[in-house]
Amino acid sequence: MNYNQKFDEYKLDFVKHRKKYFIVSLVLIVAGIISLLTMGLNLGVDFKSGTRVQVQIGKTFQEDEVKQIVEKTGLKTGSVTTAGDKKDMAVIQFAEPIHKDEFAKLTKAVQDKYGKNISLQESTVNPIISRELARSAVYSILIASVFIVLYITIRFEFRFAFSSILALLHNVFLVITIFSLFQIEVDLPFIAGILTIVGYSIHDNIIIFDRIRDNLKHAKLKSTQDIEDLVNYSIGQTLARSINTVLTVVICALALYIFGGESIRNFMLALIIGLIFGAYSSIFIASQIWVSWRERDFKKQKKVA
Amino acid sequence: MIKWSRIVTLLIITAVIFGTVAMTGKKVAMNTTLGLDLRGGFEILYEVAPLDPKQKATKQTLQDAVHALESRVNVLGVSEPEIQAEGENRIRVRLAGVTDQQKARDLIGKPAKLTFRDAQGKILMDGGDLAENGAQGAFDQYQRPIVSLKFKDPKKFADVTQKYIGKPMAIYLDQELITAPTIQSVIPNGVAQIDGQKSIEEAKNLAAILNAGALPVQMKEVFSTSVGAKLGQEALHSGVEAGLIGTAIVLVFMMVYYRMPGVIACITLVAYIYLLMLMQNLMHATLTLPGIAAFILGIGMAVDANIIMYERIKEELRSGKSYLSAMRAGSKRSLSTILDANVTSIIGAIVLFWFGSSSIRGFAITLILSILVSLVTAVAGSRLLLNLAVRSNLFNKPGYYGVKERDIREL
């Protein structure tokens, strides 16, 4: 009986078009590099010096009106924007950090205009601190990657580990790309979002790799076609899980994005984009890198033999 | 044959879970410590430098500064202030639920350099000369409130009092004149007093400020964030609301897609949410907005564990196995997958905790906790309940598991 007979049955051929997926991702990555070089990221105050004041006014207002109030207190506004579900929140950005006395003055001025019932939120960051934050975020991702590679290498093999990390960096970079392309503000919670994506995209990869590893135990690989069949079969087996999990987590994240309030909106957006890329890359990138790599090693072995 | 005893056990366990949640859930929820982004308050990061630029800040000066800040905050009567030394030269102050933000920021943010000056404004002594905790609110012999001061070097103070006897000596906190008592006599023992306080509270407040001002450091605000109480409440409200909506949709999805096991997933998810809140309380962890996000992502992880297990069980059923052995094989085989996937997520969360600051740390803790709790509820709990349900023989139809009859192969 043919050992591999079982693995020949699959409905969808994921492996066949793998070069196309690589090209799509490469194009996106190149677009990201260009976008980052030309437009960069729209950094919030968390990453550059300055102050961000958020005022809950509780009714609709004119941006110009707020601007005038700020100017009256002798401060220079960077920008005033409207936010919130009911468009009743003003976000005032200052390029220079404002002093706490100035904040007190501003609070009073806004209260004089809109009544005592308003609520203010302020955050000020010094450039040294923000650079530190950005640096520690990059370190976190690299360090987490190293540990994850170690773990997967021990539990699986190096090829799986390396493919996972490539897919992971691919996901993280594409989320940053989207934020750069659409100039969405990058703040501190964005970092938390990116780091969660790291955890989740590994999560997705592991599920498929675990199944490939499992099926490998019962397979005899005689040709590269056997490898491809096996991967297609494994992806097909885990497909329902991949889709359903992303669906449920995205539902939760979407609920938070829509109803969760202003301060976690960007965090959730990063997460949703990352989750979708994570599910995509676990099937179309990580697994395909592994297939290509495995086939190359297989051919080498054949030659030696 | 249907085994009713198993059904009854299953129902009792379910009833106990829902009963506990219904009876104590509200209390547990109310006991959660909310972060300042959820109830208002503020956080300031100070950079500490010695007054004398030639000196280097040591761990000790940093610790002293923390104590000084604590005493200042105590003056405010803030509950649960968080004051931590960070790294070499930083102090993070977190005050949640402060209503009078302005007063608090003023008091804490004050560099409060204490000086003793003569009539011409020449500085004779400064806060560094004051003994540690040398200022105290007390009463004099006529029961009038005073602040008593104790100096490190009695001789220096004796010399100063001798030189300026009969003249006023002004006490300044920064540029603000606090009092200018006249030196009545030479004071040899290094103990002085400031009178003219209206009440003992006022004397005690001044003493606390003086003690804090006696610290030979300069503090610079390098980061601050404040949240108005109303904004905080709104954030909490919308975060919880969003969580409920997301969870409800997920529960419905699970029941529709996975049928009987999906219902069990819902029961364990309720237990999961309750246990996670309970753990947070027991650990006195502070729930922040990113924490709520981690909480809800944790629900995703817990659901994922269930989905992995149920998909595996469905596969086993399709391959023609009996209900019991499909469940056994499915839950056994899915375990290593779930473990591997969760361990990598925990690794990510630990790194996050290590490098992150404040609210990101809260997020990481909640994420780690939620993965651990989900292993208990979504893996162990789900297995136990599913076992009871399958062994009861009540659900011996593929439809109960979301499997179509025609997909089942002969073994």
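# Tour of the helix packing

Start by selecting helices α1 and α5 of chain A: their crossing is left-handed (the near helix is turned anticlockwise from the far one by less than a right angle; clockwise would be right-handed). This is a predicted model, in which local features need pLDDT of at least 70 and side-chain atom pairs count only at pLDDT 80 or more, while totals for chains, interfaces and linings use all residues. Residues are numbered from 1 along each chain as its sequence is written, chains are lettered from A and ligands numbered from 1 in the order in which they are written, and side-chain values use heavy atoms, with hydrogens and water left out.

**Stop 1: α1(A) and α5(A)**

Select residues 18-38 and 158-181 of chain A. These are α1 and α5, packed at an angle of about 50° with axes 9 Å apart. Helices (H or I, at least four residues) and strands (E, at least two) are DSSP runs, numbered from the N terminus. Axes are lines fitted to C-alpha atoms, for helices over the stretch in contact, and angles run from 0 to 180 degrees between N-to-C directions. The pair is therefore oblique. Angles under 35 degrees count as roughly parallel, over 145 as roughly antiparallel, 65 to 115 as roughly perpendicular and the rest as oblique.

Now show side chains. On α1(A), the contact residues include A:Ser25, A:Leu28 and A:Gly32; on α5(A), they include A:His170, A:Phe173 and A:Leu181. Contact means heavy atoms within 4.5 Å. By class, this contact has 8 nonpolar, 6 polar and no charged residues. Ala, Val, Leu, Ile, Met, Phe, Trp, Tyr, Cys and Pro count as nonpolar, Asp, Glu, Lys and Arg as charged, and the others, Gly among them, as polar.

**Stop 2**

Select A:Asp112 and A:Lys108. Their side chains meet in a salt bridge, 3.3 Å from N to O (a side-chain nitrogen of Lys or Arg within 4 Å of a carboxyl oxygen of Asp or Glu). Both lie in α3(A), residues 100-114, 4 residues apart, about one turn of the helix. Over all chains, the structure holds 20 salt bridges.

**Stop 3: across to chain B**

Select α7(A), residues 224-259, and α8(B), residues 289-318. Their axes come within 9 Å and cross at roughly 160°. The two are therefore roughly antiparallel. The crossing is right-handed. Contact residues include A:Arg241, A:Asn244 and A:Thr248 of α7(A), and B:Gly300, B:Asp304 and B:Glu311 of α8(B). The class count is 10 nonpolar, 5 polar and 4 charged residues.

Among the contact residues are A:Tyr200, A:His203 and A:Arg211 on α6(A), with B:Met301, B:Asp304 and B:Arg312 on α8(B). This contact has 5 nonpolar, 3 polar and 5 charged residues.

**Stop 4: colour by confidence**

Chain A has a mean of 84, and 96% of its residues reach 70 or more. Its lowest element is strand β5(A), residues 119-125, at a mean of 77; its highest is α1(A), at 95. Chain B has a mean of 81, with 90% of residues at 70 or more. There, α4(B), residues 101-109, is lowest at a mean of 67, and α1(B), residues 4-31, is highest at 90. For the complex, the predictor gives an ipTM of 0.80 and a pTM of 0.75.

Key:
pLDDT = per-residue confidence, 0-100.
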